[in-house]
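The sequence and structure are shown first, and the description follows.

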Amino acid sequence: MKIGELSKRTGVSRDTIRYYVNRGILLPETNRAQYNFTERELHDLQVILRMKQQQFNLKEIQDYISLCRLSNLIEPETIDECLRMMNNKKQELQSQITFLKGAISSIDQEILELTGHVHGKPQRTGVPLSALPLLVCPRCGQQLEVSHADLNTQNIFSGDLTCKCGYCAKIENGIVKTGKLYTGTHDQPDLRRGLYRNMGNTFMTDLEKCYGYISEKLQKIDTQGKVILEANINGYFFLYNYMRKLSSDCLCIIVDKYPEMLEMYKSLIDLLNLNQKILYIADADTDYPLAPGCVDIHVSFFGENEHQFYHKNCFLYDAKRYFSDKAIILGSLLSYPLNSETHKLLRKKYPEGSEVGYNLTALKEQYRKQNYRLTAQKVGSLQELPLKQYAFECHVNGETLEFYHFKAEPIALPKKERPR
């Protein structure tokens, strides 16, 4: 029979049959460069199909067929060899079954744990009472008074924050809301954390390297009693994954222009049941109701990129009054050349923002003017992005987007230049 008939009778493609012939598993007769398949090849192909179903690989199948061709399958030695092959495969499959059952059991346990997280009971958190001394009027600097409060021994869940000068804010669901909302049309809250998905392996690897750098630096710092600030979390949020490692005695201040972003993250963090003091502030400006000089560590996980979309200056310039004299900044940055087409498109998309945002050289100069020395290291770069959403819709394929992590510290002034 020709190859077409053998293929039709067995359901095996012609290419696969040719592959078996080339490997020497099937040995048809040849006539003028054409194969002539007989009932023997039909039988051998049926053996191949059966043994593949039994999970034998092609080498094992070829060894078995060769053994059968050179015997009548009645010789004790031949039968013993065939039995050995079958028993070895059976034991191998039984081991795989045991392994797979273990894997399924492990997956079932993870499903239970994940389901527990989804349906778990969150702790109830609010503005830590220990943070009240830091809540001051951004107009006159007086400590804010709390009234009409729903609270327990550790947290304030709701209430009014007022100052004699007329300033007022509210605590709602444990979040300080100043009433200053973002009213522009150039952004929206990333409530589904879309920037963490579909960005491609290279992008996410560089992102994780930046996270690892900040994590490594923070682990070397004694955070007990420290105040750690992270703002502009609508893009990326470092402390969300790091809070378990912090001292329970430190205070985390989380700020964003979108109250709904803070509400979303607060609900998720509450599910973790951490023994961590966290002050959430919803404010689209940088006139926060915070005491000057209260921040010891500022985490800027691509926060400067986010801030400079909506402000003319860098975050350090706008928020420096909240930093202590020795406050350090641990951060990461996405950078484009200032003369690139992508940078021009970013300025067009975000006209209310900085003219020099998204650029490392410019950020270094801005920090220098604020008496901070920024030391950066390049992590990686890419020229194509799989996701064209948010700011990344401005990316021009072929232009280089660079990833940096950095540390910034105050520059010590000579004694004669130090303010009295």
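## Helix 3 and its end

Helices here, of at least four residues, and strands, of at least two, are DSSP runs numbered from the N terminus. The model under discussion is a predicted one. On that numbering, helix 3 is followed by Q55, whose phi is positive, near 75°.

Helix 3 itself has 15 residues, and from its first C-alpha to its last it reaches 21 Å, which is close to the 21 Å expected at 1.5 Å a residue.

## Packing of helix 1 on helix 3

Two packed helices are described by the angle between their axes together with the distance between those axes. For helix 1 (residues 3–10) and helix 3 (residues 39–53), the axes come within 11 Å and cross at roughly 40°. The two helices are therefore oblique to each other, and helix 1 passes helix 3 in a right-handed crossing. Helix 1 contributes L6, R9 and T10 to the contact, while helix 3 contributes E39, L42, L45 and L49. Sorted by class, the contact of helix 1 with helix 3 has four nonpolar residues, one polar residue and two charged residues.

Which residues does L45 contact, leaving aside its neighbours within four places in sequence? L45, whose place is in helix 3, is in contact with L6, T10, V12, I17, Y20 and L26. L45 counts as buried because its relative accessibility is 0%. Between L45 and Q55, which are 10 residues apart in sequence, the C-alpha to C-alpha distance is 15 Å.

## Packing of helix 2 on helix 4

The axes of helix 2 (residues 14–23) and helix 4 (residues 58–69) come within 12 Å and cross at roughly 65°, and helix 2 passes helix 4 in a right-handed crossing. On the side of helix 2 the contact is made by Y19, Y20 and R23, and on the side of helix 4 by L58, K59 and Q62. The residues of this contact divide into three nonpolar, one polar and two charged.

## Strand 1 and residue E29

E29 is found in strand 1 (residues 29–31). Is E29 buried or exposed? E29 counts as exposed, because its relative accessibility is 52% and the cut-off for that class is over 50%. Not counting residues up to four places away in sequence, E29 touches Q34, Y35 and N36. Along the chain, E29 and N201 are 172 residues apart, and their C-alpha atoms are separated by 51 Å.

N232 is not a glycine, although it has a positive phi of about 60°. N232 lies in the loop between strand 8 (227–231) and helix 7 (239–242). With a relative accessible area of 13%, N232 is buried, since buried means under 20% relative accessible area.

F302 is likewise not a glycine and has a positive phi of about 60°. The place of F302 is in the loop between strand 11 (295–301) and helix 9 (303–307). F302 counts as buried, because its relative accessibility is 3%.

Definitions and conventions. Residues are numbered from 1 along each chain as its sequence is written. This is a predicted model: local features need pLDDT of at least 70, side-chain atom pairs count only at pLDDT 80 or more; totals for chains, interfaces and linings use all residues. Side-chain values use heavy atoms; hydrogens and water are left out. Axes are lines fitted to C-alpha atoms, for helices over the stretch in contact, and angles run from 0 to 180 degrees between N-to-C directions. Angles under 35 degrees count as roughly parallel, over 145 as roughly antiparallel, 65 to 115 as roughly perpendicular and the rest as oblique. A crossing is left-handed if the near helix is turned anticlockwise from the far one by less than a right angle, and right-handed if clockwise. Contact means heavy atoms within 4.5 Å. Ala, Val, Leu, Ile, Met, Phe, Trp, Tyr, Cys and Pro count as nonpolar, Asp, Glu, Lys and Arg as charged, and the others, Gly among them, as polar. Buried means under 20% relative accessible area, exposed over 50%, partly exposed in between (1.4 Å probe, protein chains only). The expected span of a helix is 1.5 Å times one less than its number of residues.
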